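Dear colleague,

I am passing on the structure we spoke about, with the sequence alongside. My notes on what was found follow below, and I would be glad if you read them with the model open.

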Amino acid sequence: HGAELKLCSSEGCPNLAQRGGVCIRHGAQKKRCSSDGCTNIVVSRGVCKKHGAKVKQCSNGGCKNRVVKGGVCVKHGAKPKVKQCSN
C-alpha cells in the first residue's frame with residue numbers, strides 16, 4: 001500500500017535487495033562480528049552472542065526463552081509481532 005520494495009539489481013533476479021542494491025545470492029554481505037577471527041553474524045553492538053551481545057531472557061521464573069515484548073516470551077503472554085495493514 002505504497003511501500004516501495006527494491007529488487008535485486010542483478011539482471012532477472014526477483015529477490016529483494018538487502019545491502020548495496022543486491023540480494024544475498026548476488027553479493028549482499030551480512031554484518032560479521034568485529035572480534036578478531038570470528039565469522040559469526042552480528043546480534044547487537046557489532047558483536048555476536050559469543051563475544052558479548054546480550055540477549056534478554058523471559059522474566060518468568062526459570063524460562064530460558066528470548067523476550068519478545070514486556071519482559072516475557074510468547075509462551076508467557078507476549079503477543080507475537082504481526083504488522084497490520086493501515087488501510
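Cysteine 73 is buried, its relative accessible area being 3%, although please keep in mind throughout that this is a predicted model. The nearest cysteine sulfur to that of cysteine 73 belongs to cysteine 58 and lies 3.8 Å away, and cysteine 73 is in no disulfide, because a disulfide is counted here only for sulfur atoms within 2.5 Å. Cysteine 8 is buried as well, with a relative accessible area of 7%, and cysteine 8 likewise takes part in no disulfide, the nearest cysteine sulfur being that of cysteine 23 at 3.7 Å. By this rule, the count of disulfides comes to zero.

As for the fold as a whole, the protein contains zero helices and zero strands. The radius of gyration is 18 Å, well over the 12 Å that the globule rule gives for 87 residues, so the protein is more spread out than a compact globule. Taken along the principal axes, the box filled by the C-alpha atoms is roughly 50 × 50 × 15 Å.

Of the contacts between residues at least 6 apart in sequence, 2% join residues at least 24 apart. The protein exposes about 7500 Å², of which carbon and sulfur atoms supply 48%.

Key: Residues are numbered from 1 along each chain as its sequence is written. This is a predicted model: local features need pLDDT of at least 70, side-chain atom pairs count only at pLDDT 80 or more; totals for chains, interfaces and linings use all residues. Side-chain values use heavy atoms; hydrogens and water are left out. Helices (H or I, at least four residues) and strands (E, at least two) are DSSP runs, numbered from the N terminus. The radius of gyration is taken over C-alpha atoms; the globule rule is 2.2 Å times the number of residues to the power 0.38. Contact means heavy atoms within 4.5 Å. Accessible areas come from the Shrake-Rupley method with a 1.4 Å probe; for residues, only the protein chains shown count as cover. Buried means under 20% relative accessible area, exposed over 50%, partly exposed in between (1.4 Å probe, protein chains only).
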